[in-house]
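Work through the exercises below with the structure open beside you. Each task is followed by a solution in steps.

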Amino acid sequence: MTKAYDIIIAGGGHNGLVCAAYLAKAGKKVLVLEKNDIVGGAAITKEVFPGKSVSLCAQFLHQFNTRIADDLKLSEFGLEFIDTDCRTSLLSNDGRHLTVSFDGQVEGDVAEDEVKAFQILITRLQEFSETLGFLADIPPIDIFDPDMQDKLSALKLGWKLRFGLGAEKMSDFLRIVGMNIYDLINEELEDDRLKALLSVDSVLGTHAGPRSPGTILTYLYRQIGGGKGRTLVPKGGMGAVSKAIAASAQAKGADILTGMHVREVLIDNCRVVGLRTSCGTVYNAPIVVSNADPKTTVFDMVGSRHFEADFVHRINTIRMRGNSCKLHLSLNSIPEFSGLGSEALAGRVVIADSADYVENSFNPAKYNEWSSSPVIEFSIPTLNDPHLAENGHVLSATIQYAPYSLKGGWTDEAKEAFKNICIDTLSRFAPSLKDSIEQSLLLTPVDLENEIGMQGGNWHHGEFTLDQMLMMRPVPLASRYALPLDGLFLCGAGAHPGGGVMGSAGRNAANAILRGDKS
Amino acid sequence: MSSQGLAKEHYEMGLKKTPFYSRQKELDIMNEWHRWSGYTVPNVLNDVTFEYFAIRNSASVFDITPMAKYRIKGPDALDFMNRLLTRDMTKLRVGRVGYSVWCDDEGMVIDDGTVFRTSENEYLLCAQERQLETLKRNALGFDISFDDVSDDIAALSFQGPLTCTILKKVGFEGIDQLKMFDLKEFAFAGTTVMISRTGYTGDLGYELWINPENAGDLWDALFEAGKNYNVKAIGGDALEIARIEAGLLMAGKDFSPATSTVRPGHAKSPYELGLDWLVKLDKGVVFNGRRALIQERNKGPRYRFVRLDVEGNKTACSAYIFDRQGGKTIGHVSSAAWAPTAKKNVALGFVDMPYGEVGSTVWVEIYYQKELRWNRRWAKAVVMDGPFYNPERKTLTPPEAV
């Protein structure tokens, strides 16, 4: 007979772990079941090459929720940062590279007026992000049956927009919030490189180009959290964040089992009674929380027949197209990137020299083809965090665009061909790169789906567009973490506020469970 | 999941004719036809009164070929139907037919219809409105296939006290043993005809389902065997009187199907249609509308379906319902007719809760035309308990021979 649990969390991604920690803190008996051998989901550090461990998928912390870090005392559980203001360098074809910090300080050959315009623009956007930021920490406002808290939140939002920002800025906000980033940067900036940087920051992890509507919103979303747009690099890679959260949860009494794949959620008389793992073990609990994406939860873990048809239809139509590959290169030495110091290589480096480059790179993805001039975000994390590799280095890159449903499929040949495109793109700036490469590993969206479980290989468990946000996330009428099946909750990025290593979805879900919410 | 059955370029076909068209046309002296699901069908062929009395006193033949018909089959067919319909489908055995409604997630009725369990893993769903989109939406995650067989099956509704006798004469051995809502296949003219003891008249009757090629032979056989029994082809108008008299609902007239209703409060739940008996909240599995209907059961519905016995002989078509003469509007009449057999001026309608308890009196304001001039009249109406007409022979097995 297994131990009795109040709540079982299916999936030990960072949101599942955050949810477990908050529930355990409130005195609940919690069990987390993780399919893989290590917890963290997409936020893990893995030995990708012998003796070399790096962040497998997510690499930088943009929206780290300081409130959660404080609540769960993550620093006491070993979370340290290598860098709390990681700068971004932009590689330009003409060799006029730039290095930019979160507050708009620019190093490089840019006119003073242009730097000023850039700073004004990002300060303006940052202010909007801060205005909206509080929405991430609360459940989406229930517009069908609002309680006092919902009404207060709605008032707070209105107040912040009208009186926090003031009429002029609110008007500006309303004008641009649904726009695309391309039009805005062309209104405000001249420099192609700065435009490229803002474009990349607006579209990473999405199925969108800078000219796609809603890309200002994705930019604003990326800047929320306590860091005011700072990029953080955890010591020991992203896995260190997940490990610290897991340790915090365990210290509060949560049990975490790895290598346990949840095969099905068990239902009796229209309510959740537990779950069964692929090895056949049954765990009983009146509440199951899914850290998986909404589609996997509904179709694979529970089964669509246990939900009503309109809900199933809405879940089925969630757009979750992954377009990002992960490329890891095992290096025996640091290749020379012309015009870029090793300090920059330890930070964040972006390859894209204009907004049009980014848009052109997106175009083929619309037709299920990869980009032959991809956007690349990379870093050599082993430079600043030498414990990651016994010897040598690893270059880790996020590559866009490489669609999940590639025409012809992601065959071995296709992977090899795309990997060469990526390495060639990098080599344009580092001619000696190929000589340094010992081994390479390309993870396509399909690989990411298989490895981590998110359908479509979509980081966000659902594309981040206006129609899939707030009270529409994951679908209307089910945005408050409780799904329309008694005892079933969602705590992953598919729920509000969404993806990125932030933990807010996990915390909000825990609060909903503790409040006794029902869909 | 798969679907097929729509003819290519069906939109170019114009008005379709059922396999019974030419036979009906031969009998037609009125030239009053209307469109039903793309087919042309008669309102009346000869005389509404004669046609109505064939339903109640002898035997009537009504062409129901235009009904939307879907064949659903596969290992998950039972689970699929059980999730779609409000009734407990585990109770519907092979060879039986069930009447049910199906709802959207808000518990609002999309349509009503009959479900034929033709084999262990196969059903035929018949409804007045098209349901392809609903079925497609419902099929996600189920190992079933569904085909639109609306055009592949010709059907006749054969209703009236003499129908069993006539069918026996045609040669359908054992037809008199068919219980109400039973379903059986019979050999006929080198093919098979599926006969169900079902109908829309509240009387003894059968529905006959056959492939379109042999449909004409079936028609001829019924008229040949029934020639001394006053068998009559009828149009929709006569049927309309019979179904109102029997207190039966019609989609698009008594309720607006949820899938084509946009105004808040205009769609209706099974409880609001007086169909509580079709909703099995405790069947143990999820079905569409379940959560909303549990809430509604606890909170109480918004409307009540009423069958009204209206004083006088002016039909209360489209009348408002009031709490007293000249008082507050509390509802509306959706269908009304003079019921010739019940000898009552009847109306079906909806009133706001808590009005309309059985036995209570409400008022209707009736507008009627006399020699082109409009008149109005206030009439008292009593809320009836059950249908106005419900003969014993409807359910007797074997049905009483006349």
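**Exercise 1: a helix pair**

In this predicted model, the axes of helix H4 (residues 148-165) of chain A and helix H5 (residues 167-176) of chain A come within 6 Å and cross at roughly 125°. Task: classify the crossing of H4(A) and H5(A), then list the residues that make the contact.

Solution.
1. Angles of 65 to 115 degrees count as roughly perpendicular and those over 145 as roughly antiparallel.
2. A crossing of roughly 125° therefore makes H4(A) and H5(A) oblique to each other.
3. H4(A) contributes A:Leu161, A:Arg162 and A:Leu165 to the contact, and H5(A) contributes A:Ala167, A:Lys169, A:Met170 and A:Phe173.
4. By type, five residues of this contact are nonpolar, two are charged and none is polar.

**Exercise 2: positive phi**

Task: state where B:Asn31 and B:Ser318 lie, and decide whether each is buried or exposed.

Solution.
1. B:Asn31 is not a glycine, yet has a positive phi of about 60°. B:Ser318 also has a positive phi, near 55°.
2. B:Asn31 sits in the loop between helix H1 (21-27) and strand S1 (32-36) of chain B. B:Ser318 sits in the loop between strand S14 (303-310) and strand S15 (320-322) of chain B.
3. Exposed means over 50% relative accessible area. With 57%, B:Asn31 is exposed; with 70%, B:Ser318 is exposed.

**Exercise 3: cis peptide bonds**

Task: locate A:Tyr401, which is joined to A:Gln400 by a cis peptide bond.

Solution.
1. Omega of this bond is about 5°.
2. A:Tyr401 lies in the loop between strand S18 (393-400) and helix H14 (412-427) of chain A.

How values were computed. Residues numbered from 1 in each chain as written. Chains lettered and ligands numbered in written order. Predicted model: local features only at pLDDT ≥ 70, side-chain atom pairs only at ≥ 80, totals over all residues. Heavy atoms only, no water. Axes fitted to C-alpha atoms, helices over the stretch in contact; angles between N-to-C directions. Helix = DSSP H or I, 4+ residues; strand = E, 2+ residues; numbered from the N terminus. Parallel < 35°, antiparallel > 145°, perpendicular 65-115°, else oblique. Contact = heavy atoms within 4.5 Å. Nonpolar A, V, L, I, M, F, W, Y, C, P; charged D, E, K, R; others polar. Buried < 20%, exposed > 50% of the residue type's maximum accessible area, 1.4 Å probe, protein only.
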